[in-house]
Amino acid sequence: MRQDEYFSVHLGLTINVEPLADGKPLPNFETFSAEIPPLFRIARECNTLEENAERLLNGFGKEDSKALVDYLSAQNSKINLLLSYVLSQQDNANYRYITETFGASNLSFYSPHSFSVGQNVTIKLFLDHPAAAIYCYAEVVNCSALDDRFLIQLQYTQLLEEDRDLLIRAALHCQQKLLRQRTQQRNMNNNNDE
């Protein structure tokens, strides 16, 4: 297995994993880029616009912009809810799995059936924060039998850099959330010990 270039986090995200037909080669970059569903492109563009707006607002004085930031945050939340719903319509139940781990270079999930090491697959990965969906190709790098299921590990082989950035942000958000929860739990335990 290739070394993981980015850290991975444990989180259950909805994914679709569809094996390529035997012998079907991976498309070249232009073909891959052209086959990304339009809705996935729109979601990526919305996230880029949101990121740029956040940078602009950070330049405002805190007191001067509080009302504007609150208003824009509320608008952004509405758009993200709508976008999440629309993206969920791209989820195909026939190929649905839940990630065990994910990161910007690989992911893993449990499956009731095995996958062949070296097999190429297409992936649709649905993110909650930021609200987005990612379309990419991956290769099965490991398939381990565990009781009545298999742990499948995939390494991305074709992924747009903008989508890799989304995965990094999603993993960082998840990591921050987990660290906050641990800190709160530790503080609660310390308060109970007093």
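Reader: Phe32 and Tyr135: are they buried or exposed?

Author: Both are buried. Buried means under 20% relative accessible area, exposed means over 50%, and partly exposed lies in between (1.4 Å probe, protein chains only). This is a predicted model, in which local features need pLDDT of at least 70 and side-chain atom pairs count only at pLDDT 80 or more, while totals for chains, interfaces and linings use all residues. Residues are numbered from 1 along each chain as its sequence is written, and side-chain values use heavy atoms, without hydrogens or water.

Reader: Why are Phe32 and Tyr135 called a stacked aromatic pair?

Author: Rings of Phe, Tyr and Trp (its six-membered ring) pair if their centres lie within 6.5 Å; planes under 30 degrees apart count as stacked, over 60 as edge-to-face, and the rest as tilted. Phe32 and Tyr135 give 6.4 Å between centres and 20 degrees between planes. The structure holds nine aromatic pairs.

Reader: What makes this pair a link between distant parts of the chain?

Author: Phe32 sits in helix H1 (residues 29-35), Tyr135 in strand S6, and 103 residues separate them. Helices (H or I, at least four residues) and strands (E, at least two) are DSSP runs, numbered from the N terminus. Both residues also belong to one aromatic cluster, with Phe29, Phe40, Phe126 and Tyr137.

Reader: How many helices and strands does the chain have?

Author: Four helices and seven strands. Their order along the sequence is β-β-α-α-α-β-β-β-β-β-α.

Reader: Why is Leu127 called buried?

Author: Leu127 has a relative accessible area of 5%. The limit is under 20%, so Leu127 is buried. Leu127 lies in strand S5 (residues 120-127). Beyond its neighbours within four places in sequence, Leu127 contacts Leu13, Ala132, Ile134, Leu166, Leu167 and Ala170. Contact means heavy atoms within 4.5 Å.

Reader: And what makes Asp163 buried?

Author: Its relative accessible area is 1%. That is under the 20% limit, so Asp163 counts as buried. Asp163 lies in helix H4 (residues 161-193). Residues up to four places away aside, Asp163 touches Arg44, Ile134 and Tyr135.

Reader: Which residues touch the most other members of the largest nonpolar core?

Author: Leu125 and Leu154, in a core of 41 residues. Strand S6 (residues 132-146) gives the most to this core, with eight residues. Such a core is a set of buried Ala, Val, Leu, Ile, Met, Phe, Trp, Tyr and Cys residues joined through side-chain atoms within 4.5 Å. In soluble globular proteins, nonpolar side chains tend to be buried together. With residues up to four places away left out, Leu125 touches partners including Leu13, Ile15, Leu107, Ile134, Tyr156 and Leu167.

Reader: What does Lys124 touch?

Author: Thr14, Ile15, Asn16, Phe40, Gln90, Ile134 and Tyr135, not counting residues up to four places away in sequence. Lys124 lies in strand S5.

Reader: How many positive and negative side chains does the chain have?

Author: There are 17 positive and 25 negative side chains. Lys and Arg count as positive, Asp and Glu as negative; His and the chain ends are not counted. The centres of the two sets lie 3 Å apart, with each charge placed at NZ of Lys, CZ of Arg, CG of Asp or CD of Glu.

Reader: What share of the chain is buried?

Author: 35% of the 194 residues.
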